[in-house]
Amino acid sequence: MEKKKYYITTPIYYPSGNPHIGHCYTTVACDTIARFKRMQGFDVMFLTGTDEHGMKIEQKAKALGVTPKEYVDPIVENFKKLWDVMGISNDRFVRTTDDYHVKTVQTIFKKLYDKGYIYKGEYTGKYCTPCESFWTESQLDENGCCPDCHRPVIDAHEEAYFLKISDFADKIEKFLTETDYLRPKSRVNEMVNNFIKPGLEDLCVSRTSFTWGVPVSFDEKHVVYVWVDALANYISALGYENDAYDDFSKFWPADMHMTAKEIVRFHSIVWIIILMMLDLPLPKMLYGHGWINFNGQKMSKSIGNVIDPFVLAERYGSDAVRYQIMRDMPYGSDSNFSNEIMITRINSDLANDFGNLVSRTVAMADKYFGGTLPEERDYDQLDDELVEMASALRETVTPMIEEARLSNALEEIFKVVSRANKYIDETEPWKLGKDEASRPRLASVLYNLLETIRICSGLLFPFMPKTMPKVWEQIGAKPEEVEYNVLGEFGKLPANVTVHKGEVLFPRIDIEKEIDELNALLTPAKTIREDEDLDKANVIGIEQFAEVKLRTGEITACEKMPKAKKLLKLTVDDGRQGRQIVSGIAKWYTPEELVGKKIVFVANLAPRKLCGEESQGMILAADCGNEDIKVLFVDKDIPNGSPIG
Ligand code: ME8
């Protein structure tokens, strides 16, 4: 019989900096589901890759004096290396610079143009270079910055092609509200209320201000907007409109797209509309997960707070890292990352609960029976609860894994692990071992434990694929005894099973010593500050610098702004009539700390309104990395209003 198909995708990542633990989350989560579906007997296609075009990459390459391709190649290799280290079982890896992908993008663009869904116009608006996203004025954050990454946006005016997504507002709303495509459901409201209801504006889908992209085949001075280019990977990698592969009819539509929440907009609105325009079947599920946060903010390479997944995998093993990131990410919400959280999780769940359960059980079978259980048994009512819980586990976790509720699934598995540890305390095998007459009872207890471990480890395999085969070796389970179809039944190991003592699965970590060592590894010198590359790319002449008028001033009053948590309203004595400056530094300073301090400000910045208050300038502050901002205070003796240059 032909196998059922399952197609799952991660986003394709920007190779603009090395992969971090946030990228690992989505890739590991998809890997877990892909492995689980393979266990269930599906023919799986698991796709990941890299999204290599765009202005940001072009600028970085220029700064380093290399071609964009030369810039991305080693980073793409690093992504591939990391996936290897993390035990990722992707079937395919797509690069948007691959010829077949370029061909697909060009063909899709032309098809949409021929169908009248793409037309030429003029783009004016705001563009966030790091996010490769266009925004309208009204979408910007309270500081007039990118609503996603909160960095400054630039003005953009150029001839451009537009995609008529406005025509599809009703259709897309109906699709999102009437199907279960977008999960969790709360994100549907977010999409409808924030993007569809306010009015879907046609999307600018080509650029002329840079060249590092897929050229529009019929108008080569334009390159295709990086998001249209990127989204097409999900079908180019199957061979849609190219000859590299022939899997489109086999695997499309996708069963699961997974991304973090910031790009749900593209995957739930733009991607679906493009597919509707192309008359292609629509994917079945999009799971928009939360972020791994670090110090309360989204972890990302460019804010210099990298925790190197290579280092973590080397120190604790990739399975431990996989486990922690999946266990601590609640469904649909954010999770916090710190070295303490990771080590505590490894020690408590993996070393103490699971590792101990395996090593105690195997050690007892070895000690009392020389490794091979005798066949006589002695049942006790005490066994019932454990047997029942272990037998039901597969049915409990299957829908959870299929819906990407991975933390919940792990929680359920570990409830059974804890129950088994409690069962050891209740049955006291060490007492049974002292009494010859209790041997059948002792054999029952150890068999029940081995069976529980068999079921738990079978279900943990997709989460921790390197360690579970070692568990099977220790408990004497043969491959056919840990297949999906026998994980719902108790009693599959032979009665006279033989165990083999083995290595400690998850060594306990001395948390204090480890944290010190990690801190030493993560000195600021090792954290990469990408902005420096951009400085070299954006050199200005002295005349340009001289246009910026910097002056000193004294903060004479300061207050919080009720409607904007991030902002403070400062009254500044500038040696003239005084001015009001609104600054986004409320996270780092209280008004009391600022009053009386002397600062440097940009004196000739055009005034603008921030959350209803006029800001007449900008004070200077240093970004110290790791989310730390420090205002530049100057000497008290410098008169207010002194020019700086
Ligand atoms: O957005 N927590 O690429 P990208 C959890 N090229 N997940 C995180 C994360 C974090 N702190 N940081 C990153 C792009 N991710 C586009 C995608 S797809 C057609 C094009 C993960 O390199 C998460 O999956 O910025 C997020 O959506 C993705 O990396 C963004 O990766």
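I542 sits in helix 21, residues 542-546, where helices are DSSP runs of H or I of at least four residues, strands are runs of E of at least two, and both are numbered from the N terminus. I542 is exposed, at a relative accessible area of 63%; exposed means over 50%, buried under 20%, and partly exposed in between, with a 1.4 Å probe and protein chains only. Together with I540 and F545, I542 forms a nonpolar surface patch of about 320 Å² of accessible area. Areas come from the Shrake-Rupley method with a 1.4 Å probe, and for residues only the protein chains shown count as cover. Patch members have over 30% relative accessible area and no salt bridge, with nonpolar side chains (Val, Leu, Ile, Met, Phe, Trp, Tyr) joined within 5 Å and like charges within 9 Å.

The model is predicted, so local features need pLDDT of at least 70 and side-chain atom pairs count only at pLDDT 80 or more, while totals for chains, interfaces and linings use all residues. Residues are numbered from 1 along each chain as its sequence is written, and side-chain values use heavy atoms, leaving out hydrogens and water.

**Salt bridges**

The structure holds 47 salt bridges, each a side-chain nitrogen of Lys or Arg within 4 Å of a carboxyl oxygen of Asp or Glu. Three of them are tabulated here.

| Pair | N to O distance |
|---|---|
| D43 and K250 | 3.3 Å |
| R419 and E385 | 2.3 Å |
| K470 and E503 | 4.0 Å |

The bridge between D43 and K250 links distant parts of the chain, strand 2 (residues 43-50) and helix 9 (residues 248-251), 207 residues apart. D43 is partly exposed at 22%, as is K250 at 37% relative accessibility. In the bridge between R419 and E385, R419 belongs to helix 15 (residues 406-427) and E385 to helix 14 (residues 383-402), so the pair ties together parts 34 residues apart in sequence. R419 counts as buried at 9% relative accessibility, whereas E385, at 42%, counts as partly exposed.

**Ligand surroundings**

The ligand is surrounded by 24 residues, of which the closest are I12, Y14, T26, D51 and I292; a residue is near if one of its heavy atoms lies within 4 Å. A ligand oxygen atom is 2.9 Å from a polar backbone atom of Y14, and a ligand oxygen atom is likewise 2.9 Å from a polar backbone atom of A260. The protein covers 95% of the 670 Å² of accessible area that the ligand has on its own.

Conventions: Polar contact = N/O pair within 3.5 Å; in protein donor to acceptor, adjacent residues only side chain to side chain.
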